[in-house]
Amino acid sequence: QTLRWARRRPLRGHLARRAMVAMNVFRLLGDTSHLLSFIVMFWKLFTSKSVAGISLKTQLLYVIVFCFRYLDIFWNFLSIYNTIMKVIFISSSVAVVYVMKFGVPHKDTYSQEDDAFPIAYLVAPAALMGVAFNQDHESPFEMCWAFSIYLEAVAILPQLFMLQKQGGAESLTGHYILLLGLYRLFYILNWIYRYATEPHYMQLIVWISGTVQTALYLDFFYTYMKSKRERGIDAPIEIDSV
């Protein structure tokens, strides 16, 4: 992950710092898509005054992901860009959860019955994998980082499950999910570019998790494009309910 913290060991810290300053169009497009997903989410929350169709469980998982990934925000400075992105991701994720749980009238529009995916089955395996499979078994921060990578790969599942259960989603919710998928897709292109241009670039944990994450969006991509082509850009997404 481009926004990961530098390693504890000097050599790893040096390599991580080099990775931080590495920039290419695919990374920029990925970060832009991610930021736009937050903008679309807040636009939905404050224009519709509703959280209908939004999975609180997925949003809670993103809070966990970013808090565990960026534990070093108070002591490890890599770049202004890196720090700003960390602050945006953590604060925006927390803000979305706060509005969904405590916002008025937002909290009254949340459907707990439809948001029924058991997230313990996602968090527990990701935590175990973070401890067992990481790049520095002597560092608890590295374990937390790996845990966040594994968890992010599957964090969208409660949202996709909710869409299936409700039979679709309104237009802004569809745009939000699309942007999240594009963010990960552009990061895969970023990794391919870096592998082709940077000597010794190898991040198997990130690559495998990111590929799994992108694969989860493929069916939604198809449904989204089909809906927009047939009914227009502002049309809701319709899928077969379960």
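Trainee: Where does His 200 lie?
Mentor: His 200 is in the loop between α8 (171-197) and α9 (204-231). Helices are DSSP runs of H or I with at least four residues, strands are runs of E with at least two, and numbering goes from the N terminus. This is a predicted model, in which local features need pLDDT of at least 70, side-chain atom pairs count only at pLDDT 80 or more, and totals for chains, interfaces and linings use all residues. Residues are numbered from 1 along each chain as its sequence is written, and side-chain values use heavy atoms, with hydrogens and water left out.

Trainee: What about the phi of His 200?
Mentor: The phi is positive, about 65°, although His 200 is not a glycine.

Trainee: Buried or exposed, that His 200?
Mentor: His 200 counts as exposed because its relative accessibility is 83%. The cut-offs are under 20% relative accessible area for buried and over 50% for exposed, with partly exposed in between, using a 1.4 Å probe and protein chains only.

Trainee: Which residue follows α9?
Mentor: Gly 232, and its phi is positive too, near 100°.

Trainee: And what span should α9 have?
Mentor: α9 has 28 residues, so at 1.5 Å a residue it should span 40 Å, and its end C-alpha atoms are 40 Å apart, which agrees. The expected span is 1.5 Å times one less than the number of residues.

Trainee: Where is the kink in α9?
Mentor: It is centred on Leu 218 and amounts to about 35°. The bend at a residue is the angle between axes fitted to the seven residues ending there and the seven starting there.

Trainee: Which peptide bond is cis?
Mentor: The one from Val 104 to Pro 105, with omega near 10°. Pro 105 belongs to the loop between α4 (80-102) and α5 (120-132).

Trainee: What does Tyr 110 contact?
Mentor: Tyr 110 is in that loop between α4 and α5. Neighbours within four places in sequence aside, Tyr 110 is in contact with Val 51, Ile 54, Leu 56, Met 100 and Asp 115, where contact means heavy atoms within 4.5 Å.

Trainee: How far apart are the C-alpha atoms of Phe 46 and His 106?
Mentor: 9.1 Å, for residues 60 apart along the chain. Phe 46 is in helix α2 and is partly exposed, at a relative accessible area of 47%.

Trainee: Now α5 and α6. At what angle do their axes cross?
Mentor: Roughly 140°, and the axes of α5 and α6 (residues 140-154) come within 8 Å. Axes are lines fitted to C-alpha atoms, for helices over the stretch in contact, with angles from 0 to 180 degrees between N-to-C directions.

Trainee: Which residues meet there?
Mentor: From α5, Leu 122, Val 123, Ala 126, Ala 127, Met 129, Gly 130 and Val 131; from α6, Met 143, Ala 146, Phe 147, Tyr 150, Leu 151 and Val 154. They divide into twelve nonpolar, one polar and no charged. Ala, Val, Leu, Ile, Met, Phe, Trp, Tyr, Cys and Pro count as nonpolar, Asp, Glu, Lys and Arg as charged, and the others, Gly among them, as polar.

Trainee: How many helices and strands overall?
Mentor: Nine helices and two strands, in the order α-α-α-α-α-α-α-β-α-α-β from the N terminus. Of the 242 residues, 51% count as buried.
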